[in-house]
Every structure is written in C-alpha cells, then in structure tokens.
Amino acid sequence: MVAVVAVSALQQWTPLLDVRLAIAAPVAGALVGLLTGLYPALRAARMEPVNALR
C-alpha cells in the first residue's frame, strides 16, 4: 500500500486502493505459510527425536 501511495504521489495520480485486497493479502499469506509448514511439522511430530537428529 505504501508503494502505491508513493508512486501515485510522485506521478500526481489519485491512489485507488481496494480495502478488501489490503485485508486479504496478509490473510492469504498467513494461510499459505500455515499450510506449507503443517506437513513438515506433522511429519516431524511422528518421528522419534533420535531418528530426526541423524
């Protein structure tokens, strides 16, 4: 959002920002991070600690 406002100010444009996108972007990023980390975490939870260190 800062980049859009900065470029708009430099070009003397009126910035148009959709609030839904500003809210959805961090939510989508958190969801992707959660799903990406879930598989390795579940796999590691099923392993014995000694085997994980090998």
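Walking from the N terminus, the order is α-α-α. What you have open is a predicted model, where local features need pLDDT of at least 70, side-chain atom pairs count only at pLDDT 80 or more, and totals for chains, interfaces and linings use all residues. Residues are numbered from 1 along each chain as its sequence is written, and side-chain values use heavy atoms, with hydrogens and water left out.

**Color by confidence**

The protein chain averages 90, and 100% of its residues reach 70 or more. Now select residues 19-45: this is helix α2, the element with the highest mean pLDDT, 93. Then jump to residues 49-53, helix α3, which has the lowest, 82.

**Zoom out**

Along its principal axes it spans about 60 × 20 × 10 Å. The radius of gyration of the protein chain, taken over C-alpha atoms, is 21 Å. A compact globule of 54 residues would come out near 10 Å, by a rule of 2.2 Å times the number of residues to the power 0.38.

The protein chain exposes about 5100 Å², with carbon and sulfur atoms supplying 71% of it; the area comes from the Shrake-Rupley method with a 1.4 Å probe. Of the 54 residues, 2% count as buried, meaning under 20% relative accessible area, while exposed means over 50% and partly exposed is in between (1.4 Å probe, protein chains only).

**Select Ser8**

Ser8 sits in helix α1. Is Ser8 buried or exposed? It counts as buried, because its relative accessibility is 5%. Leaving aside residues up to four places away in sequence, Ser8 touches Trp13 and Pro15, where contact means heavy atoms within 4.5 Å.

**Select Gln12**

Move on to the loop between α1 (2-11) and α2, and you'll land on Gln12. Check its backbone: Gln12 has a positive phi of about 60 degrees, although it is not a glycine. Most residues other than glycine have a negative phi. Gln12 is also exposed, at 73% relative accessible area.

**Last stop: Leu21**

Pick Leu21 in helix α2. Leu21 is exposed, with a relative accessible area of 58%. Finish with a distance from Leu21 to Met1: their C-alpha atoms are 9.9 Å apart, with the two residues 20 apart along the chain.

Definitions and conventions
pLDDT is the predictor's confidence in each residue, from 0 to 100. Helices (H or I, at least four residues) and strands (E, at least two) are DSSP runs, numbered from the N terminus.
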